[in-house]
Amino acid sequence: MLTDGHTHTEFCPHGSGEPVEKMVQRAIQLGFKKYCITEHAPIPKDFKKVYAGTPDGYETAGIAMDDLSNYFKETQMIQKKYRSDIQITIGFEVDYLEGFEDWTKDFLDEYGPETQESILSVHFMKGTDNKEWCIDYDTQNYQTGFVDYLDDPQHIFKVYYDTVRKSVEADLGKYAPQRIGHMSLIRKFQDYFNLTEDYDEKSMQQISEILTIIRQQNRELDLNLAGLYKPLCNDYYPGKQITQLAQKMNIPLVYGSDAHDIESVGHGFHLLNSAILA
């Protein structure tokens, strides 16, 4: 079944504002049979106390709590309207925020019953000042927050995958997301910071242990093509090394465009049967 498993809506504060209905229509036009709406979940207000980056990185990271009702109303209407054309699931892209696991679990306990499919992602991690910084906002925040990790690519990879491991081990309750989002997001600015080298043996051991946990949990991986279209990344997430290992471990890989606009729906899906999964 041709699936776009990772998409956003007009409710995303850092998106294009284009209507999700138009995005669904684009997916139908492209021949998709399943479309997963996974808007960024809200960020807890108290997270601001431990966040040190650019204010926009926090303020635009997730849907506003006040928009949740309209989010469900709109997406459920579209789900019903197009049910004869495409299977639509509704959920969230949930941020793993260290120290806020209970908040996240409570949020999922409340809103999880209205969802069918969600993603768990790491967009924030502790920087060298022990404060939280956004991984994918811009190069300046990345440089400032993670300066002491940039002496060696394997150093920042280790810190990032330590955080990813915490995310998959976190107890987020009955409605914990079943798919792990863009598991190599730390490479978004790899061309700028010279982080393009392969994971070394030690890093791959760390990644292998995470994938083992994911397999034991019967979770999936987000095969996210958005990175190919990021000017300082030029690679898909989670990259060849992780993709090949996940395939050997029989972990399901679910294509995701990570579309925040109509044009990006289905981006790169034609590559799925070529070099990426060779």
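Here is a friendly set of notes on the predicted model shown above.

1. Ground rules. The model is predicted, and local features need pLDDT of at least 70, side-chain atom pairs count only at pLDDT 80 or more, and totals for chains, interfaces and linings use all residues. Residues are numbered from 1 along each chain as its sequence is written, and side-chain values use heavy atoms, with hydrogens and water left out.

2. The sheet. Seven strands make up an open sheet, running S1-S2-S3-S4-S7-S8-S9 in order, and the pairing is parallel. At the edges are strand S1 (3-7) and strand S9 (253-256), each of which pairs on one side only. For the terms: helices (H or I, at least four residues) and strands (E, at least two) are DSSP runs, numbered from the N terminus. Two strands pair if DSSP finds at least two bridges between them.

3. S1 pairs in the parallel sense with strand S2 (residues 34-40), over three bridges. Within S2, Ile 37 is the bridge partner of Thr 7. S2 and S3 are joined by seven bridges, again in the parallel sense, and here Glu 39 stands opposite Phe 92 in S3. S3 then pairs with strand S4 (residues 119-121) over three parallel bridges, where Ile 119 in S4 is the bridge partner of Glu 93.

4. How covered is strand S3, buried or exposed? Strand S3 (residues 87-95) is mostly covered, with eight of its nine residues buried. Buried means under 20% relative accessible area, exposed means over 50%, and partly exposed is in between (1.4 Å probe, protein chains only).

5. Cysteines. How many disulfides does a search of the whole structure find? The search finds zero, a disulfide being a pair of cysteine sulfur atoms within 2.5 Å. Cys 36 is in no disulfide, and the nearest cysteine sulfur, that of Cys 12, is 17 Å away. Cys 36 is buried, at a relative accessible area of 0%. Cys 233 is in no disulfide either; its nearest cysteine sulfur belongs to Cys 134 and is 15 Å away. Cys 233 is buried too, with a relative accessible area of 2%.

6. Ser 257, worth a look on screen. This residue is found in the segment after S9 and is buried, with a relative accessible area of 3%. The side chain of Ser 257 makes a polar contact with the side chain of Asp 4 at 2.7 Å, and the Ser 257 side chain also reaches the backbone nitrogen of Ala 259 at 3.2 Å. A polar contact is a pair of N or O atoms within 3.5 Å; within protein, one must be able to donate a hydrogen and the other to accept it, and residues adjacent in sequence count only if both atoms are side-chain atoms. Not counting residues up to four places away in sequence, Ser 257 touches several residues, among them His 6, Thr 7, Asn 224 and His 267. Contact here means heavy atoms within 4.5 Å.

7. Leu 221. This residue lies in strand S8 (residues 220-224) and is buried, with a relative accessible area of 1%. Leaving aside residues up to four places away in sequence, the residues that Leu 221 touches include Arg 179, Met 183, Ile 214, Ile 242 and Val 254.

8. Aromatic pairs. The structure holds 24 aromatic pairs. Rings of Phe, Tyr and Trp (its six-membered ring) pair if their centres lie within 6.5 Å; planes under 30 degrees apart count as stacked, over 60 as edge-to-face and the rest as tilted. One of the pairs is Tyr 142 with Phe 193, which is stacked at 4.8 Å centre to centre with 20° between the planes. That pair links distant parts of the chain, 51 residues apart: Tyr 142 is in helix H5 (residues 139-145) and Phe 193 in helix H7 (residues 190-193). Tyr 142 is buried at 0% relative accessible area, and Phe 193 is buried at 13%. The rings of Phe 146 and Tyr 149 have centres 6.2 Å apart and planes at 15°, so this pair is stacked.

9. Phe 11, Tyr 71, Phe 72, Phe 92, Trp 103, Phe 107 and Tyr 111 form one aromatic cluster. Elsewhere, Arg 187 lies over the face of Tyr 199, at 4.4 Å from the ring centre. A charge sits over a ring if NZ of Lys or CZ of Arg is within 6 Å of the ring centre and within 35 degrees of the ring normal.
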